[in-house]
Amino acid sequence: MLTRRALVQGVLAQPRAKTNLLVITADNLGYGDLGCYGNTEIKTPHFDAFARQGVRFTNFYTSSPTCTASRAGLLTGRHPVRFGLNYQLSAEENKRGTGLPHTEKTLPQYVKPNGYATGAFGKWNLGWAPGSRPTERGFDEFLGHRSGNIDYYTHIYNGDLDLYRGVEPARVEGYSVDLFADAAIDFTGRHRARPWLCYLPFNSPHFPNPKNRQTGETNQWQAPDSFFAEYGYSPSEPDERKRYRVVVTALDAAFGRVMAHLDRTGLAARTLVFFYSDNGAFMLPGRGLEVQTNRPLRSGGVTCWEGGIRVAGMARWPGRIPEDRDCDALLSAHDVVPLAARLAGANLDPARVYDGIDPLPALTGRDHTRSRRLFFEWQKQQAVRGGRWKLIRESPQAPWQLYDLAKDIAELNNVAPGHPSTVTELAAAFARWRESGEGNSPGL
């Protein structure tokens, strides 16, 4: 068996090997919704096995606590503040808007010149005007939906069919999670002879949208009957907490089928799989479906508290990344673009400011992120994460609050009064980032 040192040296000695990259995201998955993150009620055997086969992230952050902006950050390697998409697209913008500016270079566009096949299967949510669609932004193939939380079976979003193959509407029967997993399996299988990038943004387990229902229909979590049977539930089970468990288990099974395909076909050894949730679970009062959990984190989606931005995530690369290890390095969804460039032997644009770093040293056991700072802004909320500290305020007019996440991951005890110099330092770093656009470079 290779030692960790040998694994690290082997990976770092071959930075330009053309390795497949499979990027998988869940939609609004709670930090505490998986067994490998402490959940004892939801069955997630495939995610749990995946965590044992690679590294589990304990300090991984998404770009933004909401869907559109978080996906924009992932695909560009840049904070959405930089290009004006630090907001959630409306239903109309999802149908006809530009969304992600055409001046932004996307993840597949970095690797395609180096011979990569590129495919995307699932939720887009970044604009659908001509020039904005996935196959116009670097992906060779696309099967998925342009907008937000579609109906899992009818693929309706706010009354309209919202499933597309390429740029054309597609009428395909089936549970959307399975359709996207099957498309990824088909794509990666067909391109075994060349390197590929596969982006698999599942639409699950996003809460159900009442606007997708006909008059008189119940708005509830949806999954195939077989997964209700796994829990001994009826498909007509009215308890939303129980129904949510079933939805996550159905997602787990689809994820597991994709991993089994890689293992069965011999693709696993030359594929780095990177998984995370696009943002934390929403904890919105009064909606009646608050059945997820971000425990032990505070709050949830659409906030800059830890429950909105720190998310579950894992990575696997057999023989290259050590198995069964927690990675506590400070990592971000912005790091996927630098990672893809490294694996493909591609170059980043020296004239463009990136918010990501190459995470491969951290994944293989060398943490170079201890001096790193991550910056967040959503609506009026602002935050900085650096080392053990988290600085946050609810609006630019509100006082900064400081939390020692090494001791207080739940953000319960504001220690700003006792650490004025730390508050001043991090607040100044945020101001420089926001005003100069320098991002979270080490110099900040």
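**Pocket, cavity and sheet**

Reply: The lining of the largest pocket comprises 8 nonpolar, 10 polar and 3 charged residues; Ala, Val, Leu, Ile, Met, Phe, Trp, Tyr, Cys and Pro count as nonpolar, Asp, Glu, Lys and Arg as charged, and the others, Gly among them, as polar. This is a predicted model, in which local features need pLDDT of at least 70, side-chain atom pairs count only at pLDDT 80 or more, and totals for chains, interfaces and linings use all residues. Residues are numbered from 1 along each chain as its sequence is written, and side-chain values use heavy atoms, with hydrogens and water left out.

Me: What volume does the largest pocket have?

Reply: A pocket is an open set of points on a 1 Å grid over the protein atoms alone, with protein on both sides within 12 Å along at least five of seven lines; a cavity is a set of points where a 1.4 Å probe fits but cannot get out, and lining residues have an atom within 4 Å of a point. Points are joined across faces, edges and corners, and a volume is the space filled by probe spheres set on them. For the largest pocket the volume is about 310 Å³.

Me: Which of the 21 lining residues are closest to the centre of the largest pocket?

Reply: The lining of this pocket includes 10 polar residues. Closest to the centre are Q88, N149, Y157, H206 and F207.

Me: Which helix gives the most to the lining of the second largest cavity?

Reply: This cavity has a volume of about 30 Å³. T19, L21, V111, Y116, L197, A340, L343 and A344 line it, 7 of them nonpolar and 1 polar. Helices (H or I, at least four residues) and strands (E, at least two) are DSSP runs, numbered from the N terminus. With 3 residues, the largest contribution is from helix α10 (residues 336-344).

Me: Which strands stand at the edges of the sheet?

Reply: Two strands pair if DSSP finds at least two bridges between them. The open, mixed sheet has 10 strands in the order β9-β8-β5-β4-β10-β1-β11-β12-β2-β13. Each edge strand has a single partner, so one side is left without a neighbour in the sheet; these are β9 (168-169) and β13 (325-327).

Me: What is the bridge partner of F274 in β12?

Reply: Strands β11 (residues 271-277) and β12 (residues 313-316) pair in the antiparallel sense over 4 bridges. Across from F274, the partner in β12 is A315.
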